[in-house]
Amino acid sequence: MVLVSGSGQQNRDEELLGHKPFLVLSDYLARHGIAVLRYDDRGVGGSKGEVENATTLDFADDAEAAFNLLRKQKRIDTRHVGIIGHSEGGLIAPIVASRNGKVNFVVLLAGQGTTGADILLQQNERIYQLDSVPQPLIDRRLELLRSLYAVMDTLPVDNYQPFTIALCDKYSEGLTADQRKSIGLRRGDAIGLATQMALPWMRTFVKLDNSSYLSRLRCPILAVNGDKDCQVLPVNLQAISDATQGRADIRLMPGLNHLMQHCRTGAPSEYMLIDETMAPEVLQTVADWILQVSKTKK
């Protein structure tokens, strides 16, 4: 298996917030007879490559290069080589598999089933709900984002900042300073949001629709999500099932967050406070599924 990390530049361990999920996962898989190739994301550790203007599609090229490299290793059975993608990696893996028929199976850990815009809207709503922000205020935030996403293709990048500031002023009309702060509608928030939206990665991610890639896959697919994930919500499992016309093996894991940790609420603020790096039932589910699929695909 090739392991593909989530958004942001991470090393081969997918190291973040005091955890090394890919180190734990690769160790478990190797102990069960499954070879693993991990790699540093471009611009991190031992990997070179341009990052500032790179998009998900560039990262898909990187993942495919890793996949092709793995297949060339003498001790690898090329009939049984797949990709495990976590978070954005769960978009990258189907992109690669949709164009490379040599991908034998795909595992999506908290993978999206729809567009990047939908993911970000779902994520914003759920995280603000966990912060106990009133729904009418959250709705203002979501409308601002929808308005911004709608013009990303046609609005010149140089105009993002004044446009976003104007949107923040529009959707914060009548709100107190504390209310504006609670949903990120202050002037400084607008500038930060405009800067983020101007990134080539963000402009590409918002438009990419994983359902279009998933619908082309004919290889076995395992999709795993924690039921407390607030970054890629569990509703994406249904979207993945729909896109694959029910061919994907869908697993909803109780009590787990986006990093596949047992958690209290699923909020990102909990990640670094949890000792567990990856739940044992996820490790076992992934390994058992890979071994079973490999056994039936002789």
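The protein chain has twelve helices and five strands. Helices (H or I, at least four residues) and strands (E, at least two) are DSSP runs, numbered from the N terminus. This is a predicted model, in which local features need pLDDT of at least 70, side-chain atom pairs count only at pLDDT 80 or more, and totals for chains, interfaces and linings use all residues. Residues are numbered from 1 along each chain as its sequence is written, and side-chain values use heavy atoms, with hydrogens and water left out.

Start with the overall form. Along the principal axes, the C-alpha atoms fill a box of roughly 65 × 40 × 40 Å.

Now look at one helix pair. The axes of helix 4 (residues 116–130) and helix 9 (residues 200–207) come within 5 Å and cross at roughly 95°. Axes are lines fitted to C-alpha atoms, for helices over the stretch in contact, and angles run from 0 to 180 degrees between N-to-C directions. Helix 4 and helix 9 are therefore roughly perpendicular (65 to 115 degrees). Gly 116, Ala 117 and Leu 120 of helix 4 meet Met 202, Phe 205 and Val 206 of helix 9; contact means heavy atoms within 4.5 Å. This contact has five nonpolar, one polar and no charged residues. Ala, Val, Leu, Ile, Met, Phe, Trp, Tyr, Cys and Pro count as nonpolar, Asp, Glu, Lys and Arg as charged, and the others, Gly among them, as polar.

Next come the pockets. On a 1 Å grid over the protein atoms alone, a pocket is an open set of points with protein on both sides within 12 Å along at least five of seven lines, while in a cavity a 1.4 Å probe fits but cannot get out; lining residues have an atom within 4 Å of a point. The largest pocket holds about 610 Å³ of space. Its lining has 31 residues, with Ser 7, Leu 120, Gln 123, Ile 127 and Gln 231 nearest the centre. Helix 4 gives the largest share of this lining, six residues.

The second largest pocket has a volume of about 310 Å³. Among its 16 lining residues, Gly 33, Ile 34, Ala 35, Asp 77 and His 80 are closest to the centre. Here the largest share, four residues, comes from helix 12 (residues 280–296).

Finally, the whole structure has one cavity of 30 Å³ or more. The largest cavity has a volume of about 100 Å³. A volume is the space filled by probe spheres set on grid points, joined across faces, edges and corners.

Methods
Angles under 35 degrees count as roughly parallel, over 145 as roughly antiparallel, 65 to 115 as roughly perpendicular and the rest as oblique.
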